[in-house]
Amino acid sequence: MIVSDVVKIKKIQNFDNLYIEKELCKIYKNPVRWAIVDIDNEYLTISVSYIIS
């Protein structure tokens, strides 16, 4: 089953896709897709879809 969630990850100076995907893999075993929905001074807010078994 694919489910969706919104999560905040720590913002670093020069973040990129690899950084975001690495951080998402720490939280979700099988992320399928993600999108940045908000950015503030400290965090990136990410909408993520992932697979659960």
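User: Which residues does Tyr-50 touch, not counting residues up to four places away in sequence?
Analyst: This is a predicted model. Contact here means heavy atoms within 4.5 Å. With residues up to four places away in sequence left out, the residues that Tyr-50 touches are Met-1, Ile-2, Val-3, Ser-4, Asp-5, Tyr-28, Asn-30, Pro-31 and Val-32.

User: Is Tyr-50 buried or exposed?
Analyst: Buried means under 20% relative accessible area. Tyr-50 has a relative accessibility of 15%, so Tyr-50 counts as buried.

User: How is the aromatic pair of Tyr-28 and Tyr-50 arranged: stacked, tilted or edge-to-face?
Analyst: The structure holds one aromatic pair. The ring centres of Tyr-28 and Tyr-50 are 4.2 Å apart, and their planes lie at 25°. Planes under 30 degrees apart count as stacked. The arrangement of Tyr-28 and Tyr-50 is therefore stacked.

User: How many residues apart are Tyr-28 and Tyr-50?
Analyst: Tyr-28 sits in the loop between H1 and strand S2 (31-39), while Tyr-50 belongs to strand S3. The pair thus links distant parts of the chain, and the separation is 22 residues.

User: Which element gives the most residues to the largest nonpolar core?
Analyst: That core has ten residues: Val-7, Ile-9, Tyr-19, Ile-20, Leu-24, Tyr-28, Leu-44, Ile-46, Val-48 and Tyr-50. At least two residues come from each of S1, helix H1 (17-27) and strand S3 (43-51). The most, four residues, come from S3.

User: Is Ser-49 buried or exposed?
Analyst: Ser-49 is found in strand S3. Leaving aside residues up to four places away in sequence, Ser-49 touches Ile-2, Val-3, Ser-4, Asn-30, Pro-31, Val-32 and Arg-33. Its relative accessible area is 13%, and the cut-off is under 20%, so Ser-49 is buried.

User: Which residue forms a salt bridge with Lys-26?
Analyst: The structure holds one salt bridge. The closest N and O atoms are 3.0 Å apart, and the partner of Lys-26 is Glu-23.

User: Is Glu-23 buried or exposed?
Analyst: Lys-26 counts as exposed, at 59% relative accessibility. Glu-23 has a relative accessible area of 17%, which is under 20%, so Glu-23 is buried.

Note on methods
Residues are numbered from 1 along each chain as its sequence is written. This is a predicted model: local features need pLDDT of at least 70, side-chain atom pairs count only at pLDDT 80 or more; totals for chains, interfaces and linings use all residues. Side-chain values use heavy atoms; hydrogens and water are left out. A nonpolar core is a set of buried Ala, Val, Leu, Ile, Met, Phe, Trp, Tyr and Cys residues joined through side-chain atoms within 4.5 Å. Buried means under 20% relative accessible area, exposed over 50%, partly exposed in between (1.4 Å probe, protein chains only). Rings of Phe, Tyr and Trp (its six-membered ring) pair if their centres lie within 6.5 Å; planes under 30 degrees apart count as stacked, over 60 as edge-to-face and the rest as tilted. A salt bridge is a side-chain nitrogen of Lys or Arg within 4 Å of a carboxyl oxygen of Asp or Glu.
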